[in-house]
Amino acid sequence: MRRTYADMHLCPNLKDFKQVSRMIDKASTLGYRLIAIPLPLKQAGEIERLRDLCKEAKIDLVSRLDLKPRTADELMRNLRMFRRKFQIIAVMCESKNVARQAAKDRRVDLLNFPSLGFRRRFFDKAEGELTSSALASLEIDMKPLLTLEGPARVRLLSSLRRETNVAKQFRVPIVISSGVSDELLMRRPMELAALTNLFDLDKASAMEAVSINPLAIVKRNREKLSSRFVAPGIRIIRRGKDC
Amino acid sequence: MAIDSEEMFDSKELMDTVWSAISKLYGEHGASRTGLTLISYDMEKRFAVIRVVHTAVEMVRSALASITKIQDKPAAVHVLTVSGTIRALYKKIKT
């Protein structure tokens, strides 16, 4: 069976509609069948326009919100406000408190860590254990691997190797995304998977990280956001007087 | 593999970039294990066929994916298909 590939973090400049269109077309050409574009809160209305573009390119669009809270309370507030408005919620963990809160909150889908601040990559064993009992996945953007050079890339690879080991140990799903805002930095799914070779992720896990894991998150959230959903495992089959 | 760029590059510029990417990621020792050779290159179509040792396919694939510039000009290199023999490769590309 042919795999369906997803890029959960495509970041075109939403003000440049031509570039958005080109990037969506390119994602389709490169073999992706599902993409997620982070929408700033002010531009949440753009989703319909993006959906039309994606429909033309025969690609599925998922609405995504990137939260960058400064405190755990701010994260909780944002989650209460926006969870039901977006299909994917990613948290950019800039502090340890936020990272810990995001890891244990079942409303968070993706945990993302700053690629340049090596001291602010908080995905350690404690974070892994918290995440394993919730629903979040570890998101790894490939953009810094392409743009960084020398010691910065070496340090990043070392952090990623440690984090993927922790994720494996605690069975936290890994999602590999591009995180790019430039068409020339877009890569095929197989190429993203090959790049994970650099931090010793095995091929099977890498392929899952670009296909099965992101698709599972989208499927789960779409089900939750549908009007038929009642609770996990319970959904409305039929409405009417005879029920 | 396909070269994605607005510029045109000759085969030497392309292969220098590929060797440099492999050496950067895996060092000279790793690069020596790839058995990398350019089989053909169409500058107009920006299309090249390279040969590598089968055990080094993933290494070369990741090195090619890490290329962002050729001769300081923005570019990307995409692997279109991989095959065990050159004959089968051309058959795959035609279909």
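Helix H7 of chain A covers residues 150-169; at 1.5 Å a residue its 20 residues should span 28 Å, and its end C-alpha atoms lie 29 Å apart, which agrees. The expected span is 1.5 Å times one less than the number of residues. The model is predicted: local features need pLDDT of at least 70 and side-chain atom pairs pLDDT 80 or more, while totals for chains, interfaces and linings use all residues. Residues are numbered from 1 along each chain as its sequence is written, and chains are lettered from A and ligands numbered from 1 in the order written. Helices (H or I, at least four residues) and strands (E, at least two) are DSSP runs, numbered from the N terminus.

Leu160(A), Glu163(A), Thr164(A) and Ala167(A) of H7(A) are buried (20 or more other C-beta atoms within 10 Å of their own; exposed means 12 or fewer, partly exposed in between, with C-beta atoms placed from the backbone). Seen down the axis, the buried residues fall within an arc of 100°, so they line one face of H7(A). The arc is taken from the directions from helix axis to C-beta atoms. The face turned away carries exposed Pro151(A), Val154(A), Ser158(A) and Gln169(A). The cover over the buried residues includes H5 (125-132), S6 (137-141) and S7 (174-177) of chain A. Arg171(A) follows H7(A), with a positive phi near 55°.

The contact (C-beta atoms, placed from the backbone, within 7 Å) takes 13 residues from chain A and 13 from chain B. H6 (143-147) and H8 (189-195) of chain A each supply at least two residues of chain A's side. H8(A) gives the most, with four.

Definitions and conventions: Contact = placed C-beta atoms within 7 Å.
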